[in-house]
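These are my notebook entries on one protein chain.

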Amino acid sequence: MFRVNLTDLDRKGKQIVEGTIPPDDALWGDLDDGVLDYPVDIHLTLTTTASGQVLARGALTTELLRNCRRCLTDVTVPVREELNLFWSVPDELRGSDEKEEDESIRWLDPTSNELDLRDALREELLLMIPRFVLCDDECQGLCPLCGINRNDETCECTLEEPDPRWDALRALQND
Ligand SMILES: [Zn+2]
Ligand SMILES: [Zn+2]
C-alpha cells in the first residue's frame, strides 16, 4: 500500500496513496512504549516532476497517548498534520551544496523502481510527538511529598515551611 511503483507513477503522473497503519505495526517498533495507541491514517497525493523528483502531499491523522508532565495521567493528543514529502534523484543535486544541506529532501534509490514511503512516514510521526503535554492548563500536578494527585485530592503536606530538623543541622554547620 505504501510502496509506490515509480514507473506506474511516471506514466500516470499522479497517484493517490491512502491507508491505515495499525498501532502495533512493526514500522512503529522504535517508538516509546504506548505512545501510539490508535491507527495512523495516511492520505497522500503523489506527483512527479519532469526531472524525476517525487512529491507527496497530504495528511497524517492519529491520536497519541502521552503522560501529563505534572500529574502523569494519560492524555490523548489528537494529531492531524500536513505532510509535504519530497524525494530527489541523488545525481541531479550533486554539486549543489545549497540543496544538499536541506534535510527535508529524501533520496530516491537509483537502483530501485519502487519508492517505499514507510520510513518517511515513521520519521514524520516521530517529529509530531509532543515533548510536553498537560492534561489541563490548570493541572495541579502531584504533591512532591506524598505523591497524591492534587487535581483529585488534597493533602496536609506543607512545602513552604522548612523541616525544623534541617534548622538544627544548619545551626550546627554555622557554628
Ligand atoms: Zn495533569
Ligand atoms: Zn502531599
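Entry 1, terms and ground rules. I count two strands as paired if DSSP finds at least two bridges between them. Helices (H or I, at least four residues) and strands (E, at least two) are DSSP runs, numbered from the N terminus. With that settled, I looked up Thr48, and its bridge partner in E4 is Val54. The model is predicted, so local features need pLDDT of at least 70 and side-chain atom pairs count only at pLDDT 80 or more, while totals for chains, interfaces and linings use all residues. Residues are numbered from 1 along each chain as its sequence is written, and chains are lettered from A and ligands numbered from 1 in the order in which they are written.

I found 5 helices and 7 strands in the protein chain. From the N terminus on, I read the order of elements as β-α-β-β-β-β-α-α-β-β-α-α. I call a residue buried if 20 or more other C-beta atoms lie within 10 Å of its own, exposed if 12 or fewer, and partly exposed in between, with C-beta atoms placed from the backbone. Buried residues make up 11% of the 175 residues in the protein chain. I call two residues in contact if their C-beta atoms, placed from the backbone, lie within 7 Å. Among contacts between residues at least 6 apart in sequence, 51% join residues at least 24 apart.

In what order do the 5 strands of the open sheet stand? I noted E2-E3-E4-E5-E6, with mixed pairing. E2 and strand E6 (105–107) stand at the edges with a single partner strand each, so one side of each has no neighbour in the sheet. For angles I use axes, which are lines fitted to C-alpha atoms (for helices over the stretch in contact), and angles run from 0 to 180 degrees between N-to-C directions. Neighbouring strands of this sheet are turned by 30° against each other on average, direction ignored. Helix H4 packs on the sheet and touches E3, E4, strand E5 (74–88) and E6. The direction of H4 makes about 135° with that of E5.

Strand E2 (residues 14–21) runs antiparallel to E3, and 8 bridges join them. Along this pair I checked Lys14, whose partner in E3 is Thr47, and Glu18, whose partner in E3 is His43. His43 in turn has Ala59 in E4 as a bridge partner. E3 and E4 are also antiparallel, over 8 bridges. They form a hairpin with 5 residues between them, and Gly52 in the turn has a positive phi of about 95°. E4 and E5 run antiparallel with 14 bridges. Their hairpin has 6 residues between the strands, and there Leu72 takes a positive phi near 70°.

A nonpolar core is a set of buried Ala, Val, Leu, Ile, Met, Phe, Trp, Tyr and Cys residues joined through C-beta atoms within 7 Å. In soluble globular proteins, nonpolar side chains tend to be buried together. The largest core here has 13 residues, of which Ile42, Leu46, Val54, Ala56, Leu115 and Leu117 touch the most other members. Strand E3 (40–48), strand E4 (54–67) and helix H4 (118–128) each supply at least two residues of this core. E3 gives the most, with 4 residues. Leaving aside neighbours within four places in sequence, I listed Glu18, Gly19, Ile21, Leu60 and Leu121 as contacts of Ile42.

I found Trp28 in the loop between E2 and E3. Why is Trp28 partly exposed? Trp28 has 18 other C-beta atoms within 10 Å. Beyond four places in sequence, Trp28 is in contact with Pro23, Leu36 and Arg122. Trp28 and Leu121 are 93 residues apart along the chain, and their C-alpha atoms are separated by 9.7 Å.

Glu81 lies in strand E5, where it stands opposite Leu60. Glu81 counts as partly exposed because it has 14 C-beta neighbours inside 10 Å. Not counting residues up to four places away in sequence, Glu81 touches Ala59, Leu60 and Met128.
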